[in-house]
Each structure stands twice: as C-alpha cells, then as structure tokens.
Amino acid sequence: MRLDGSSRREVVSAAKRRISPPLHQIARDSYAFLATFFILTAGLLLTERLTLGAAVLVGALVAGWSSSWSP
Amino acid sequence: MAMTIPPTVSGTRNKWFLDSAAFFVGGVLGASASLGAVAATLGFFSLFMDRRLLAEAVMLLGSVVMLRDLGVKVPVPYRSHQVPEQWRSVLPVRVALLVYGAVLGFGFATPFTSSAHLVVLLAFPFMGSVGLGLVSALVLAFGKAIVLYLAQGMDSYEGILCRIEVRELNGRLRLLSRRLATLGASIIVLLTLAHGVWG
C-alpha cells in the first residue's frame, strides 16, 4: 500500500494506461495515426517492401481513417 | 463523418459489432464500386494511350489534387453534400449503416476529404492485380470503420460525443497532422508508381 492509499497493482495499471492508452483514444487521435503512418512507411522502406501494392494499402488506410474526421 | 455516423448507439457489444459490420460491408461495396469505376475509365483510356503517358496523367492529376490538402481550391470530382441524415430516421439502423457505408466508401458522392483517396483509386489499376484491389477496398473500409470504435459500449449519443471530443479533434495541430498523413500517403503512392513505370 502506498502513502496515497493506492496498491502496487493500481499504480502499475495506471502506468500501463499511460503507456498504452485505451483503444477509443487511439481511434480518435490524429497524432497516433500520423505516427502509425510513418512507422508503417519506414518499416516498408527498411525492409525494401515498398512496392506500389504496399503503398496503395497504406494510402487506403490513411484515406479511410482521415475521412472519418471530415466535417 | 464521425459526427454523422454514430447512430450506432447500440448498447450491447454484440449489437455494436453487427452494426459496425453492416457499415464495414457497405464500405467495402462502395469502395469496390469506385475502384471498379476508376479502373474501367483508365482501362478505356489505355486502349489508345501509352502506359507511361497514362501514368503521367495520373501523377499530374494526383499532384493537383494534393494541392487541395494544402488549402488551394482546385476543382475535384466530389459532390459537396453529406449522406442525407433523414435516412437514419426512415431506414432501420443496420440498413442505414449499410447504406451510409456504401455511400461513404464510394467517396465521390460526399465532400472531398483527402488526396490519398483519389490517388489510391488512380494508382490501383497500375498494380495489375484484382485481388490487391479487393484488399485495398477492405483496408479503405476498415479505415473508415475505425471511428465506430468510439461507439463501443456507449448507450447514449452524448457519451459518444464525449469520446469524440470535437473541439480537440478540430484543433489546428491535429488537423495539420491529418493533412500530413494524407499528403505523405499520396506522395509515397505517386513515387512508387513513378518508380514502377520509369525505374
């Protein structure tokens, strides 16, 4: 038990929540999506798998998601 | 779209899943229709145009549309109306979601959202694979359906609005990050297309 009354398990689960936010937060977060796009592209480039097909699939995911937030 | 779609105040997890699935299936159908329409159009032009010339035309069109992401008002072949909201009141929820998915998946029947949509459609015929086209339609519909996760477990529209956090989403930095992602996607698609044709 900590001084503020929280158990070790509560402290650990709060820390985990900070590291990996709930899915609904990711679903609406543009920064998370921008990061996902760059990680995907970098991964494809580094593994030399950036073919037209792979680029179109990444583009389709970005196009679909970004349009969700249009007016 | 995020504000229009959540009629999915489904309550239970199973209902939410089925509602989301209806939207997703509609999205796949709509995206497949637009991919087919663009492929048929480019296929027609390929009858009397060289492949490289066609690729140049696609890259030019894609580059012009990317200017729209940067705030330049260039004409785009999109209708400037959203999906009619009254469909939600006259159709059963699941049917409404299917139709919403189809219209939004098709893309051209609603306002322009990002250059990546048109660039992906224009580049698809150069992949030379119908199977990859179908996967693209699935991925596009999945991307559109991610927003429905916000309705999961919610039993009120207000609850969904809280999760959407409209003010935060429309902040300048978030808008910029969305535009960067769509511009980046358009750029890598056009660059890989150029590499495939001229590389």
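**Exercise 1. What span should the 14 residues of helix 4 of chain B have at 1.5 Å a residue, and how far apart are its end C-alpha atoms?**

Before you start, keep in mind that this is a predicted model.

*Solution.* 
- Step 1: Find helix 4 of chain B, which covers residues 93-106.
- Step 2: The expected span is 1.5 Å times one less than the number of residues. For the 14 residues of this helix, that should come to 20 Å.
- Step 3: Compare this with the model, where the end C-alpha atoms are 20 Å apart, which agrees.

**Exercise 2. Work out how helix 4 of chain B sits within the structure.**

*Solution.* 
- Step 1: A residue is called buried if 20 or more other C-beta atoms lie within 10 Å of its own.
- Step 2: In helix 4 of chain B, 10 of the 14 residues are buried, so the helix is largely enclosed by the rest of the structure. Among them are Leu97(B), Leu98(B), Val99(B) and Tyr100(B).
- Step 3: Look for the partners of these buried residues: they pack against helix 1 (13-45), helix 3 (87-90) and helix 6 (130-145) of chain B.
- Step 4: Now step just past the end of helix 4 of chain B, where Gly107(B) has a positive phi of about 90°.

**Exercise 3. Decide how helix 2 and helix 5 of chain B run relative to each other, and name residues that meet.**

*Solution.* 
- Step 1: The axes of helix 2 (residues 51-69) and helix 5 (residues 115-123) of chain B lie 9 Å apart, and the packing angle is about 170°.
- Step 2: Angles over 145 degrees count as roughly antiparallel. That is why helix 2 of chain B is roughly antiparallel to helix 5 of chain B.
- Step 3: On the helix 2 side of chain B the contact includes Val58(B), Leu61(B) and Val65(B), and on the helix 5 side it includes Leu118(B), Val119(B) and Leu122(B).
- Step 4: Sorted by class, this contact has eight nonpolar, two polar and two charged residues.

**Exercise 4. Describe the overall build of chain B.**

*Solution.* 
- Step 1: Count the elements: chain B has nine helices and zero strands.
- Step 2: Check the radius of gyration. For chain B this is 18 Å, close to the 16 Å that the globule rule gives for 199 residues, so chain B is as compact as a globular protein of that length.
- Step 3: Look at burial and contacts. Of the 199 residues of chain B, 41% count as buried. Among contacts in chain B with a separation of 6 or more, 83% are between residues 24 or more positions apart.
- Step 4: Ala194(B) belongs to helix 9 (residues 172-198) of chain B.

**Exercise 5. Which helix of chain A gives the most residues to the side that touches chain B?**

*Solution.* 
- Step 1: The contact takes 30 residues from chain A and 46 residues from chain B.
- Step 2: On the chain A side, helix 2 (23-28), helix 3 (30-46) and helix 4 (52-68) each give two or more residues.
- Step 3: Helix 4 of chain A gives the most, with 16 residues.
- Step 4: By class, the chain A side has 18 nonpolar, 11 polar and one charged.

**Exercise 6. Is Glu48(A) buried or exposed?**

*Solution.* 
- Step 1: Locate Glu48(A) in the loop between helix 3 and helix 4 of chain A.
- Step 2: Glu48(A) has 7 C-beta neighbours inside 10 Å, so this residue counts as exposed.
- Step 3: Check the backbone too: Glu48(A) is not a glycine, yet its phi is positive, at about 55°.

How values were computed: Residues are numbered from 1 along each chain as its sequence is written. Chains are lettered from A and ligands numbered from 1 in the order in which they are written. This is a predicted model: local features need pLDDT of at least 70, side-chain atom pairs count only at pLDDT 80 or more; totals for chains, interfaces and linings use all residues. Two residues are in contact if their C-beta atoms, placed from the backbone, lie within 7 Å. Helices (H or I, at least four residues) and strands (E, at least two) are DSSP runs, numbered from the N terminus. Ala, Val, Leu, Ile, Met, Phe, Trp, Tyr, Cys and Pro count as nonpolar, Asp, Glu, Lys and Arg as charged, and the others, Gly among them, as polar. Axes are lines fitted to C-alpha atoms, for helices over the stretch in contact, and angles run from 0 to 180 degrees between N-to-C directions. Angles under 35 degrees count as roughly parallel, over 145 as roughly antiparallel, 65 to 115 as roughly perpendicular and the rest as oblique. A residue is buried if 20 or more other C-beta atoms lie within 10 Å of its own, exposed if 12 or fewer, and partly exposed in between; C-beta atoms are placed from the backbone. The radius of gyration is taken over C-alpha atoms; the globule rule is 2.2 Å times the number of residues to the power 0.38.
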